[in-house]
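Here's a quick walk through one structure, with an eye on a metal site, a helix and some charged pairs. Have a look at the model first.

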Amino acid sequence: MSKAVALNLPPLLAFGAHPDDIEFGAGGIIARETRAGRRIHFVVCSRGEAGTNGTPAIRTREARAAARILGTTVEFLALDGDARLELKSAHALKLAAIIRRLRPGIVLAPTTEPNQHPDHWRLGTLVRDATRLARYGGLRALKRHAPHAVGQLLFYALSPGSQPPAAPILIDISAPGIVATWTKAMEAHASQMKTRNYVELQLARARVLGLDAGVAHAQALWPNDPLVFDSLAALGRGARRF
Ligand SMILES: [Zn+2]
């Protein structure tokens, strides 16, 4: 991919409640996009301190290693802590300040479906609020950076149970090397492999979605708002083979 093309891709900002969320929920898409030259930044909103396995120091190291593998940058944001995240306007303002600072075209966050770790849906809700607040010109708490309108807010689902009922958009991650890079990034979270094989689960989900779409592997995202295309010709194809 040439530099000229890469420069035209607006940056992507991904939020995760825990140190491995983004990698497990959208890591294949991330690997695909960084390879295309898109700049991607992760904001991780806890150190995974409530997890059964791994200390905060280990989880932080694992997240940094995974980000390196995927070609992204990462920062950690302290909110209420792992398993204690609450819906507070102060949090939404903090997230909005990050959105204004980084000015992404695309924002990723966990889905807001309630049947999952409460930090996931609460963070998804806070990010949705934050994308609104980032646009509003009159907020004194955000005046350090100019208002910013995000192009698209897209949600990723960490498990089948956290998938919204609406049809997702599917991103083909079958290009050579993408699934391998994604797998390495998930495996960087070695402390999380002790209780359940999360890597296998995510690869199986991507394989099923890929089969449905007629490609080897795909990952799903759910847009918060209707997507706008310039014409029908710009639409991707549908996953259903009639
Ligand atoms: Zn999580």
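## The zinc site

Keep in mind that this is a predicted model. The zinc ion is held by three residues: His 18 through ND1, Asp 21 through OD and His 120 through NE2, at 2.0 to 2.1 Å. Along the sequence, the donor residues follow the spacing H-x2-D-x98-H.

How exposed are these donors? His 18 counts as buried because its relative accessible area is 6%, under the 20% cut-off. Asp 21 is buried as well, at 3% relative accessibility. His 120 is listed among the buried residues of helix α5, which takes us to that helix.

## Helix α5

Helix α5 runs over residues 118–133, so to speak 16 residues in one go. From first C-alpha to last it reaches 22 Å, close to the 22 Å expected at 1.5 Å a residue.

What covers them? The cover includes the strands β1 (12–16), β4 (106–110) and β5 (152–156), along with the helices α2 (21–35) and α4 (89–102).

## Salt bridges

How many salt bridges turn up in a search of the whole structure? The count is six.

One sits in helix α3 (residues 56–70), where Glu 62 and Arg 59 are three residues apart, about one turn of the helix. Residues three or four places apart on an α-helix point the same way, because there are 3.6 residues a turn. The side chains of Glu 62 and Arg 59 meet at 4.0 Å, N to O. Both partners are tucked away: Glu 62 is buried at 9% relative accessibility, and Arg 59 is buried at 3%. The pair also belongs to a network of salt bridges with Asp 20.

Lys 88 bridges to Asp 80, with the closest N and O atoms 2.6 Å apart; Lys 88 is partly exposed at 32% relative accessible area, whereas Asp 80 is buried at 15%. Glu 33 and Arg 32 meet at 3.2 Å, N to O.

How values were computed
Residues numbered from 1 in each chain as written. Predicted model: local features only at pLDDT ≥ 70, side-chain atom pairs only at ≥ 80, totals over all residues. Heavy atoms only, no water. Helix = DSSP H or I, 4+ residues; strand = E, 2+ residues; numbered from the N terminus. Expected span 1.5 Å × (residues − 1). Buried < 20%, exposed > 50% of the residue type's maximum accessible area, 1.4 Å probe, protein only. Contact = heavy atoms within 4.5 Å. Donors = N, O, S within 2.8 Å, 3.2 Å for Na, K, Ca; no water.
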